Amino acid sequence: MKKLIITLIAALGIVTGAHAAGADTLAWDKAPNKLNDLPALQNGAKLFVNYCLSCHSAAFMRFNRLRDIGLTEQQIKDNLLFSTDKVGETMKAAIDPKQAKEWFGANPPDLTLIARSRSGHGGTGADYLYTYLRTYYRDPAKATGWNNMVFPNVGMPHVLWELQGEREPQFETRQENGHEVKVFKGWKQLSPGIMTPLQYDAAVGDLVGYLQWMAEPAQNSRVRVGVWVLLFLGVFTIFTWRLNAAFWKNI
Amino acid sequence: MAEFKEISPNATATAKLVNWFDNRFPTAGAAYRDHMSEYYAPKNFNFWYFFGSLAMLVLVLQIVTGIFLTMHYKPDAAAAFGSVEYIMRDVPWGWLIRYMHSTGASAFFVVVYLHMYRGLIYGSYRKPRELVWLFGCAIFLVLMAEAFMGYLLPWGQMSYWGAQVIINLFSAIPFIGPDLSEWIRGDYVVGDATLNRFFAFHVIAVPLVLLGLVVAHIFALHDVGSNNPDGVEIKAGPKDANGKPLDGIPFHPYYTVHDIFGVAVFLMVFTAIIFFAPELGGYFLEYNNFIPADPLKTPLHIAPVWYFTPYYSMLRAITTEMMYALSLILVLAVLFVIVKTRASGAVKGLLVLVAVAFLWMFNAFGFTGVGLLQGIDAKFWGVVVMGASVVILFFLPWLDKSPVKSIRYRPGWHKWMLAVFIVDFFVLGYLGVQPPSPAGERISQLGTLFYFGFFLLMPWWSRLGEFKPVPERITFAAH
């Protein structure tokens, strides 16, 4: 029986091992955690409204929810409302969906929940987005002139290219287990952007932080409430434990 | 009607009130005594006996949170996904109610699986508790339907395609299959009609059945009395002056305070998941389900939620090759019966005929390429195996032939059988989550054979080995 268990566990190892080795795309970078950094989230919201909202919607997100990250309704009205004049409205895209489909081949997906839906074996959805927005490169073979390392043949052009500049990935060919494999080595900057690479990473970090917050605006208060609930239950458990012991003492 | 009882005018207000009700509604008092204050449960319940009451707790939580969810949820293909996000964002504390309900679904299966495993290790389904077990199995089956239909309601990609795949399974049934699956969907694809009927079933029809079965389960249990870790009948043991078993103890207050402690510990785990990891790594809320359902975009990898994956694995294990293996097992079994038993020639001949018919249906002669010999596709048998993997649980009381109930007094290697069974169940569950792979397919086929071997060969193996003597009374050390 022991042997059988060991065999089964070993077999499980083979299956999972094979699965892990199958992932040949670029590993996702860890996104910085900005969920408690209000200035970063506000900067992310600004980038989101300026760069993303023209084509993507956030159909379940209301503008006035941005009060949760420290903005006043007046600030939201003055700085972030482009597609509507009511702060109670949800974030709709400026583009007409029919046109979008014609231009990009697919309707740009709604971004409200993108940080949740993109999670996977490689990491959280935030990790994915943080890597995705930093690995665009020039590819003359594509209609838009852009391609991406974690989303090959992506329909979206590099919207943030002015900030990052144009880049090209460098590969080196190596012998691995008797096969020639192309290994990603680093980037070659073709033309500089407005931002330095460090500034750009920080800006994308803010934007991804905002997307992550927008996917579940209640998540910070959820964790805060949870701590109190668990503290209460911890004390409650002690009481119920002693109560039980008192009843069973003479049994 | 019971005798009208007068009470002394000097009695306390509480006693008067109780008496007033007792004279007008004696049923309530009798039920309280039968099921709580004078229901005698064995003293030696251990950790495993928490999960029945916890299943009740989760059932109540699901009903209450479900009622609040329906106040804002819209069963409409165009509005369902958005209404769930509305609950998550705009309804005050809506996120909490929704996470309680989604975590509760998984918690329900966790406690029910542990509850069933308790029955398995202590032989709680054995005579005279067969009916308790049958009601329990029916609850499990109905719970699966409830969970499956509830999972469609958020109308995400996984909801949609999971339902599409499972309903399509019915189309593998010969002759009526395609019409049957269309009838279930109410459309050619999963659509608005499907969502509406699943909503109706999920919020009222199935919960009603579930509640009725739970009542039957508990009434039947309280009629025959609870089993215990020793598998000893406390009713057969010594009794006190009032005819109450000495090894028993009133359920209330002793097991109510005991269960409240269990509830507190359970709630710590449950709320930790709700507040700190409501997705639980994509197992309780799948990542793909945060994308609205899109009938034109099939996800790369469709898998049911974790609690269905062991059965899903068995479904996927049934390939054409596997059918040849099953055909071989059938032939060997028939040969064994013919050689080893003393049945008459006519019976044996009939057996061979039935076996050949099954071999034909199993498509065992499919390799010949002759049209007339073509049997039924392996896909159908996969569905049969998946159904059988749950239905076989109903037969457990008659499959187990062990002379003792509890695992405590069964041979050591029986414990190993149960342990391997659990490992097998986990491995099948794990493989069901993963995308198909050649190695995974082989392992799930072995796992399927072990799963069914465990049950179907139980009348044989459960008798074997050296059994320990069962004590006269329960083993209980005073606290």
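B:P253 sits in helix α10 of chain B, where helices (H or I, at least four residues) and strands (E, at least two) are DSSP runs, numbered from the N terminus. A cis peptide bond, with omega about 15 degrees, joins B:H252 to B:P253. This is a predicted model, in which local features need pLDDT of at least 70 and side-chain atom pairs count only at pLDDT 80 or more, while totals for chains, interfaces and linings use all residues. Residues are numbered from 1 along each chain as its sequence is written, and chains are lettered from A and ligands numbered from 1 in the order in which they are written.

**Chain B at a glance**

- Chain B has 18 helices and 2 strands.
- Its C-alpha atoms fill a box of roughly 95 × 70 × 45 Å, taken along the principal axes.
- Of the 479 residues of chain B, 37% count as buried; a residue is buried if 20 or more other C-beta atoms (placed from the backbone) lie within 10 Å of its own, exposed if 12 or fewer, and partly exposed in between.
- Among contacts in chain B with a separation of 6 or more, 75% join residues 24 or more positions apart; two residues are in contact if their C-beta atoms, placed from the backbone, lie within 7 Å.

**Two domains in chain B**

- Chain B is divided into domain 1 (34–302) and domain 2 (309–479), with bounds that come from an automatic or database domain assignment.
- The C-alpha centres of domain 1 and domain 2 of chain B lie 26 Å apart.
- Their contact takes 28 residues from domain 1 of chain B and 25 residues from domain 2 of chain B.
- On the domain 1 side, α5 (94–122) and α6 (130–152) of chain B are the elements that give two or more residues, and the largest share, 5 residues, comes from α6(B).
- That side of domain 1 divides into 16 nonpolar, 7 polar and 5 charged residues; Ala, Val, Leu, Ile, Met, Phe, Trp, Tyr, Cys and Pro count as nonpolar, Asp, Glu, Lys and Arg as charged, and the others, Gly among them, as polar.

**Nonpolar cores**

- A nonpolar core is a set of buried Ala, Val, Leu, Ile, Met, Phe, Trp, Tyr and Cys residues joined through C-beta atoms within 7 Å.
- The largest one has 95 residues, and those with the most contacts inside it include B:L54, B:A55, B:F108 and B:M314.
- This core draws at least three residues from each of domain 1 and domain 2 of chain B.
- Apart from it lies another core, of 40 residues, with A:I114, A:Y130, A:L133 and A:V204 among them.

**Where chains A and B touch**

- The contact takes 38 residues from chain B and 37 residues from chain A.
- On the chain B side, α4 (80–89), α10 (251–276), α16 (412–433) and α17 (438–456) each supply at least two residues.
- The largest share of that side, 14 residues, comes from α10(B).
- The chain B side divides into 26 nonpolar, 9 polar and 3 charged residues.

**Helix pairs**

- Two packed helices are described by the angle between their axes and the distance between the axes.
- The axes of α11 (residues 309–317) and α16 of chain B come within 7 Å and cross at roughly 75 degrees; axes are lines fitted to C-alpha atoms, for helices over the stretch in contact, and angles run from 0 to 180 degrees between N-to-C directions.
- α11(B) and α16(B) are therefore roughly perpendicular to each other (angles under 35 degrees count as roughly parallel, over 145 as roughly antiparallel, 65 to 115 as roughly perpendicular and the rest as oblique).
- By class, this contact of α11(B) with α16(B) has 7 nonpolar, 4 polar and no charged residues.
- In chain A, helix α2 (residues 38–52) and helix α8 (residues 197–215) pack at an angle of about 90 degrees, with their axes 7 Å apart.
- That makes α2(A) roughly perpendicular to α8(A).

- Most residues other than glycine have a negative phi, and most peptide bonds are trans.
- The peptide bond from B:K127 to B:P128 is cis, with omega near 5 degrees, and B:P128 is found in the loop between α5 and α6 of chain B.
- B:W93, in the loop between α4 and α5 of chain B, has a positive phi near 60 degrees, and B:W93 is partly exposed, with 13 other C-beta atoms within 10 Å.
- B:W155 has a positive phi of about 60 degrees, and B:W155 is buried, with 25 other C-beta atoms within 10 Å.
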